[in-house]
There are 2 protein chains.
Amino acid sequence: MTSSAPEPEGARPVPPPQRRPGGRSARIRRQVLDAVLAELGEHGYDGLTVDSVAARSGVHRATVYRRWGDVGGLLADVLDAAGDDAWQPPDTGSLEGDLAALNREIQDALVAEPPIVAALIAASFRSEQADHAQRRLWEDRYARCEVIVRRAVERAELPLGTDARRLLIAATAPVYHQLVLLRTPPGPDLPGQAARTAALAASAGAFAVPPPAGDT
Amino acid sequence: MTSSAPEPEGARPVPPPQRRPGGRSARIRRQVLDAVLAELGEHGYDGLTVDSVAARSGVHRATVYRRWGDVGGLLADVLDAAGDDAWQPPDTGSLEGDLAALNREIQDALVAEPPIVAALIAASFRSEQADHAQRRLWEDRYARCEVIVRRAVERAELPLGTDARRLLIAATAPVYHQLVLLRTPPGPDLPGQAARTAALAASAGAFAVPPPAGDT
DNA sequence: TCACTACTGCGACAATTGGTGCGTTAAGAT
DNA sequence: ATCTTAACGCACCAATTGTCGCAGTAGTGA
């Protein structure tokens, strides 16, 4: 072991990379992430290469490889950045209205041109890193949506003990399923119908959680 | 335009290549398709390369490139071959039972090890060809499942004019959504709960089609 | 049985992509 | 203003992907 790291001024075993999120780095990051989105929209999930991203962003290939490692790193960063917004679920005053509005947002995002969101979902299958980032994003989004169910319970539209997550998944899954996996043209009012179905099942108590054993 | 194609013995604009689907070609095809599935299970959707498939199958790279062109062609052929079976939806005697059994089959296929079905779904995003083959397979499967709804209608479990496709999608979408897109560990009885929810909404008439205008 | 030819295997080739040392630039602190 | 060093650009190499010409093998029909 050579004492190549004397560290004269105290213990700093892993000198925190002392990130410099200042001007240049931040600018480069934005350029690269924008390029990733643009490439995704243009060439789809698997047309995404480090080379093309570097070329479009005007940043050198080597820089991208060093900071992001590979395509998975790029996607993960894009997904993490996508979660850093102030998005809030719609608030229309009724459960079905909220779910329908939410589903319309989802459908709009999935059928938008260029299909960036759809490509992002597909691309996140390509690497472990992107996969984890994608899961974090899903988790964050569905967690934010739980307020929809809480409001409905407060309005006495739903029974206490309604499983918010299951209800939200039941309401949104058909939209994702049809637009992402099945890839069939959506029916006339896919968002509204899915919302209506879920709200109907919910008010019938389909998402009641079993009362926890031992509760008074 | 030069008359460079004299064709003395009648019109044969494109002499059909006179395919030979005989013994050797069929054997090669099976070897290659089996290798695709094995590679998908081992290295996942994007570990699938023409090279690895050729190596595993014992068929030469050039042959694979010639017959299938690229990875998309391989996936499309696998998907088309997957549709050539005699699969029938379960028949348990009740709508909810049928849907639950169907969902269990889906869950089993998606969580199986190695995750061939999940990898196949993810991989089909990689090419136009595979995408089309995948859509054909979805269409075929859901069409075969419509008998579940027909039987339920005959048993008077459901009102006439129930939209079979929408009901089936509502019942199965949560399973696909959670296992393929969200990739969260499934709850204790995901298949059964999704089936119960859909059956409940269905019996409440959530999937009734609007009576066609002009009907008596 | 024999000729015909579609199909396959082989090896070599160009093109693209993934990844890495090294010198230079510029952000952040004194 | 100037120093330190994280971050960048250039050049280069290694690995992979995709294609082609040619010779050999094996279905197919006569």
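Ala156(B) counts as exposed, at 63% relative accessibility; exposed means over 50% relative accessible area, buried under 20% and partly exposed in between, with a 1.4 Å probe and protein chains only. This is a predicted model, in which local features need pLDDT of at least 70, side-chain atom pairs count only at pLDDT 80 or more, and totals for chains, interfaces and linings use all residues; side-chain values use heavy atoms, without hydrogens and water. Residues are numbered from 1 along each chain as its sequence is written, while chains are lettered from A and ligands numbered from 1 in the order in which they are written.

**Positive phi in chain B**

- Ala156(B) has phi near 65°, a positive value in a residue other than glycine.
- Ala156(B) sits in the loop between α7 (128-154) and α8 (164-182) of chain B. Helices are DSSP runs of H or I with at least four residues, strands are runs of E with at least two, and both are numbered from the N terminus.
- Arg183(B) also has a positive phi, near 55°, and is a residue other than glycine.
- The loop between α8 and α9 (190-203) of chain B holds Arg183(B).
- Arg183(B) counts as buried, at 15% relative accessibility.

**Cis peptide bonds**

- In chain A, the bond from Glu113(A) to Pro114(A) is cis, with omega near -5°.
- Pro114(A) is in the loop between α5 (95-111) and α6 (116-123) of chain A.
- In chain B, Glu113(B) and Pro114(B) are joined by a cis peptide bond, with omega about -5°.
- Pro114(B) is in the loop between α5 (95-111) and α6 (116-123) of chain B.
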